[in-house]
Amino acid sequence: MKLIVTPDTLQATATAAAIIAETLRAEPASVLGLATGRTMEGVYGHLVRAVQSRETSFSEMTSFNLDEYVGLSASDPHSYRHYMQEHLFDHVSPDPARVHVPCGAAADLDAECAAYEKAIADAGGIALQLLGIGNTGHIGFNEPPSLFDTRTRVVELDDETREQNASMFGGDADAVPSRAITMGVGTILDAGRLLLLATGRVKARIIADALEGPVSPQVSASAIRLHHDVTVILDEDAASNLSPETRARAVIG
Ligand code: GLP
């Protein structure tokens, strides 16, 4: 695992964006796994500017998002599809046929999950998977306990997660859907490379659990330590609970 600690949030998001931009420069038809959440807004801002200044292009890439709330249609302003359009896709001209977000409004959710897995396989698998982390230790929406061989499926969201994401629903945790479709931990571990980004002191405790605690389905982010090609990018605040030994291994970004 490569650990990069940056002095501030701006540099953390810029570092993650630079890795994605470089992946697309090296292979414009890359298959990317994309993530949502407040942390990623900065990453996508950097990427939009990189496309505008012609440093990279999304025109040939294929993407698969990690997750979507059950019951929200693509046009719902709270859906992750809407988030992706607003923060990235509307500004970087991807081929709409190659952009994938699970459909939370599908009539047959199990069929939607199976079709999502097949679409990832048909695309040749995900080369680079971007990940955030939730307070419960989730990657995607893999709430504890999530076994490490899980695939795309419907999950119940923890109350803590609904509280964490309430600010995107007018501050009302009850307005946050109780279920979501998420890639499984196994789906995520199949990606060629993982890039986990966390910023802010609010993530310090769970980052220490994920990187230094037991590798366990109780903290699904701990599964990334089983992967052969992982980069973790943290700002100083998110790294602030790590042990001196872990910090000593970090590259200063
Ligand atoms: C949601 C997403 C996760 C993301 C998490 C972190 O729960 N499903 O994939 O990692 O948010 O969100 P934030 O960046 O807003 O802290």
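In helix H7, the buried residues are Ala204, Ile206, Ile207, Ala208, Ala210 and Leu211. Buried here means under 20% relative accessible area, whereas exposed means over 50% and partly exposed lies in between, with a 1.4 Å probe and protein chains only. The buried residues of H7 pack against strand S1 (2-6), strand S9 (193-198) and strand S10 (230-235), where contact means heavy atoms within 4.5 Å.

This is a predicted model, in which local features need pLDDT of at least 70, side-chain atom pairs count only at pLDDT 80 or more, and totals for chains, interfaces and linings use all residues. Residues are numbered from 1 along each chain as its sequence is written, and side-chain values use heavy atoms, with hydrogens and water left out.

## The sheet S4-S8-S7

Three strands form an open sheet in the order S4-S8-S7, with antiparallel pairing; two strands pair if DSSP finds at least two bridges between them. S4 and S7 are the edge strands, each pairing on one side only. On average, neighbouring strands of this sheet are turned by 30° against each other, direction ignored.

The antiparallel pairing of S4 with strand S8 (residues 179-182) runs over 3 bridges. Aspartate 67 has threonine 182 in S8 as its bridge partner. Helix H4 (residues 109-122) packs on the sheet and touches S7 and S8, its direction making about 25° with that of S8. Axes are lines fitted to C-alpha atoms, for helices over the stretch in contact, and angles run from 0 to 180 degrees between N-to-C directions.

## Aromatic pairs

Rings of Phe, Tyr and Trp (its six-membered ring) pair if their centres lie within 6.5 Å; planes under 30 degrees apart count as stacked, over 60 as edge-to-face and the rest as tilted. By this rule there are 7 aromatic pairs. Tyrosine 44 and tyrosine 83 form an edge-to-face pair, at 6.4 Å centre to centre and 75° between the planes. Tyrosine 44 lies in helix H2 (residues 38-52) and tyrosine 83 in helix H3 (residues 80-92), so this pair ties together parts 39 residues apart in sequence. Tyrosine 44 is buried at 0% relative accessibility, and tyrosine 83 is buried at 6%.

The pair of tyrosine 69 and phenylalanine 141 is tilted, because the ring centres are 5.4 Å apart and the planes at 50°. Tyrosine 69 belongs to strand S4 (residues 67-69), and phenylalanine 141 to the loop between strand S6 (128-131) and strand S7 (153-156), 72 residues apart. One aromatic cluster comprises Tyr44, Tyr69, Tyr80, Tyr83, Phe141 and Phe169.

Conventions:
Helix = DSSP H or I, 4+ residues; strand = E, 2+ residues; numbered from the N terminus.
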